[in-house]
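Here is my note on the model you sent.

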Amino acid sequence: MSDENRLVASTRSEFGKGAARRARRDGQVPAVLYGHGTDPKHLNLPAREFAAVLRAHGTNAVITLDIDGQDELALTKSVVVHPIRRYIEHADLLIVKKGEKVSVEVPVVVTGIPGPGALVTEEVTTIKLEVEALNIPEQVEISVAGAAIGTQFLAGAVALPEGATLADDAELLLVNIVAAQAEAAAEAPADEA
């Protein structure tokens, strides 16, 4: 684990809206760390450094937290961002152990250009995987290069990174190749007045 994913967290003793506002004003993000049968730990994370980790590694970032001199490995489970001002309001973190498998949602990225007259429709933008906590892929790629109209890409047929297993339904439709609108309109009979 690199030092760029290392954050010094402080334990929170105050709770509620007022305490959360004061923490954010002081450049901190209120967070809760839970998992492995332990009591939840209420923490404050340095906002700027936490945001930098999320930008660099996405929402499935694994972070080493230094809590009162003790290291704890944590996976980002949810991040609440203010809808207008775009600052991080709160984060939920899950304790993970090295070698442990976790369930995460990974973005699906479509690459390539389909066959002539075809249009790509993304039915789902993320796929659920079970993967080792320290080897979470940033994305899963689907190549639609030259795909004909009517081609469908299902979750069960996607090439997954080594060590990852599918946690979604194998029949889940990820990408569908359909006829482009202009071509579909030309084939349809004209409406009579």
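**Notes on the predicted model**

1. Asn44 is a residue of strand β3, which covers residues 38-46. Its relative accessibility is 14%, so Asn44 counts as buried, the cut-off being under 20% relative accessible area. Leaving aside residues up to four places away in sequence, Asn44 touches Val8, Ala9, Ser10, Arg12, Ala23, Gln28, Val29 and Pro30.

2. How far apart are the C-alpha atoms of Asn44 and Asp168? The separation is 34 Å, for two residues that are 124 residues apart along the chain.

3. This is a predicted model, so confidence deserves a check before any detail is read. The mean pLDDT of the protein is 85, and 92% of the residues score at least 70. Confidence is highest in strand β11 (residues 152-154), at 94, and lowest in helix α3 (residues 181-187), at a mean of 55. Where pLDDT is low, predicted coordinates should not be read in detail.

4. On the overall fold, the protein has 13 strands and 3 helices. The radius of gyration is 22 Å, whereas a compact globule of 193 residues would have one near 16 Å. The C-alpha trace spans about 70 × 45 × 25 Å along its principal axes.

5. Which share of the 193 residues counts as buried? The figure is 35%. The protein exposes about 11400 Å², and 50% of that area is supplied by carbon and sulfur atoms. Of the contacts between residues at least 6 apart in sequence, 61% join residues at least 24 apart.

6. The protein carries 17 positive and 28 negative charges, and the mean positions of the two sets are 15 Å apart.

7. Two backbone angles are worth a look. Most residues other than glycine have a negative phi. Asp68, which is not a glycine, has a positive phi of about 55°. Asp68 sits in the loop between β4 (62-67) and β5 (70-81). With a relative accessible area of 64%, Asp68 is exposed.

8. Arg86 also has a positive phi, near 65°, and is a residue other than glycine. Arg86 is placed in the loop between β5 and β6 (88-95). Is Arg86 buried or exposed? Arg86 has a relative accessible area of 58% and therefore counts as exposed, since the cut-off for that class is over 50%.

Note on methods
Residues numbered from 1 in each chain as written. Predicted model: local features only at pLDDT ≥ 70, side-chain atom pairs only at ≥ 80, totals over all residues. Heavy atoms only, no water. Helix = DSSP H or I, 4+ residues; strand = E, 2+ residues; numbered from the N terminus. Rg over C-alpha atoms; globule rule 2.2 N^0.38 Å. Buried < 20%, exposed > 50% of the residue type's maximum accessible area, 1.4 Å probe, protein only. Contact = heavy atoms within 4.5 Å. Areas by Shrake-Rupley, 256 points an atom, 1.4 Å probe, with all protein chains shown as cover. Lys, Arg positive; Asp, Glu negative; His and termini not counted. Charge placed at Lys NZ, Arg CZ, Asp CG, Glu CD. pLDDT = per-residue confidence, 0-100.
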